[in-house]
Amino acid sequence: MITRNGLLLVFWFLLAKGLQARLHSLPQGMMGRGHHPRGVAGLGQRRHGMAGVQRVKRGWVWNQFFVLEEYMGSEPQYVGKLHTDLDRGDSEVKYTLSGEGAGTIFSIDPTTGDIHALMGLDREEKSYYTLRAQVVDMHTGRALEPESEFIIKVQDINDNEPKFLRSPYTASVPEMSPGGTFVMHVTATDSDDPTYGNSARIVYSILHGQPYFSVDSKTGVIRTALPNMDRETKELYQVLIQAKDMGGQLGGLAGTTTINITLSDVNDNPPRFPKSIFHLRVPESSTVGSAVGKIKAHDLDSGKNAEVEYSIVPGDEGNMFDIVTNRHSQEGIIVLRKHLDYEIKKSYIFKVEASNAHQDSRFLHLGPFKDTATVKVNVLDVDEPPVFTKTYYTIDAYEDTPVGTIIGSVTAQDLDASNSAVRYTVEWKRPADSCFDIDSVEGTISTNEVLDRETNRQHNITVVATKVNNPLLFNMVTVTVDVLDVNEFPPELDIPFDTFVCENAKVGQVIQTISATDKDIPAVGQRFFFKSPREIRNRNFTVRDFGNNTAGIVTKRAGFQRRVQQYYVMPVMVEDSGYPAQSSTGTVTIRVCACETGGFPLTCAAEAVFLPVGLSTGAAMAILLCMVILLVIVLLYTGLRRQNRKEALMSSKEDIRDNVIHYDDEGGGEEDTRAFDMGTLRH
């Protein structure tokens, strides 16, 4: 300290003797422990009261001061010294200090200008202080020089360890990752001055977590050190990272942090059933859609990688069941698809397959991501109600059916092993249901009243079947009775009523197609049947029913000759499908004609030439027959009339004989007979 002050005095003396011009800059020099200000003596007078006072030139020359942080000594820490060239050592000048920390943190000796730090400083709290110094007259307090500003910097020491900002850290990395996979980046900060020494130079290292992970010593990047780490073996790792300053050298300060690294799941495990066969039991009375049981395949993965889809392997006896997946529990729920019957089949065996819903193509080489198990379902016997042979019944009944007529029947039976007898009843819900009755044993349905189609065309009744050995078990079925209209009109042949047959016709040739009409309603859906009357044997022709409500007149022989016989009469009987069946017989007149090769007639019987246009042979014969009948009637009438006249005349003669004439004159005996002509009276 003495040496430095001596150099300062020598330097100040040289400047005071040799410097003539006013200084415009502040030269720098070292003084004491810090960079001390130096004064240069001014030219002219320095006291105010003297004549010829000149402006005193500024004599402050200094650099910034330094003070060591965290000073723990008992005495105030010396910072440096202020000095001006106006100070001649006679205690006529006074040094003052103002600014940050003046009087509290820093103090100055007013006579010597020595600056001291009154307390220990922390660079990390405040790295420098800005102060102002001034020289004043000791007695008057007048400023001898303008106020000047200077800085006191706090010199850093390695008193802060590196710190991690977000400790502890959490990170994740996919399982089965290759070595060197990036996990995360950690950063530690050091509050020491990075520009001064190695106090803030940090080196990272791993204290705990090897050999699974590694850290880059300079960047703090953490990576996997081992490949293919399995989450199912170990999921969570705690890694301890150290950050040390001073470049990691001995004596450096260190800070640590914990990193919780979780291996995230990938789909590298297939689902597995815990056993190869599952046994389930279900009552035969279970409804369709009800759950039969549950099975579960376990997957070591988690999240969506553990989602399992279940399916029934086609074949075997699995068509009786379905399986659905419960997304929350990952269970396979077996659901009944069809009705069970213990008496028909007592058990079912099928296979169920479990597979991952989301597969990762990177791990398909590890094997099939599915598993199968066998399911055996045993059906339990339950006392069930009787079962009808049909789910519903439809019966047709004609109106005006006599009361007590059986129109149909229903059948129910007990399928249980007891095979109980069944009793039938009609459940009367509406007044119209009373039109029917049922035999309690046989199940035959009969009419209680005469049915009227115009009043009610359809009846829906409910039939109840009850087990004899357990009346609480019963079943019901709907029976629909359709009231049909009675068939009133017989079908009739459509025109024409006459046709022809060629002389060269062959056996089995259809010479005419006929059809029929029916006045009953509805016309749609009617069925007609054509045939020859059984009581008439026809060697020439027959009727062939085509099955489509038409028929054909077919020849039974060949060799027809009009010279031998010009006309044939063919009776045709047509019957409908109504109730009661109605039928009628029509007559078709067949003429024998000479025809061309194609079957076109050339000439027929001669009598047919003079028939009126449009008048058929049958009609002509009918007219002729009527004329003959009329002639016979006329002749009979004439004969009867003549006979009546003759009988009347004979009656008149008998009356004349019987007449008696009475008179009062007395007759003359036989002579009186001459007085009258008796012949005249007779005529």
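Here is a short chat about the cysteines and disulfides of this structure.

User: Before we start, what kind of model is this?

Analyst: It is a predicted model, where local features need pLDDT of at least 70, side-chain atom pairs count only at pLDDT 80 or more, and totals for chains, interfaces and linings use all residues. Residues are numbered from 1 along each chain as its sequence is written, and side-chain values use heavy atoms, with hydrogens and water left out.

User: Why is the pair Cys-502 and Cys-595 called a disulfide?

Analyst: A disulfide is a pair of cysteine sulfur atoms within 2.5 Å. The sulfur atoms of Cys-502 and Cys-595 are 2.1 Å apart, and the two form a disulfide. Cys-502 sits in strand 36 (residues 498-502) and Cys-595 in strand 42 (residues 583-595), so this pair ties together parts that are 93 residues apart in sequence. Strands here are DSSP runs of E with at least two residues, helices are runs of H or I with at least four, and both are numbered from the N terminus.

User: What makes Cys-593 and Cys-604 a disulfide too?

Analyst: Their sulfur atoms are 1.7 Å apart, and they form a disulfide. Cys-593 belongs to strand 42 and Cys-604 to the loop between strand 43 (601-603) and helix 2 (617-657), so the link joins parts that are eleven residues apart in sequence.

User: Why does Cys-604 count as buried, and why is Cys-626 called partly exposed?

Analyst: Buried means under 20% relative accessible area, exposed over 50%, and partly exposed in between (1.4 Å probe, protein chains only). Cys-604 has 14% relative accessibility, so it counts as buried. Cys-626 has 45%, so it counts as partly exposed.
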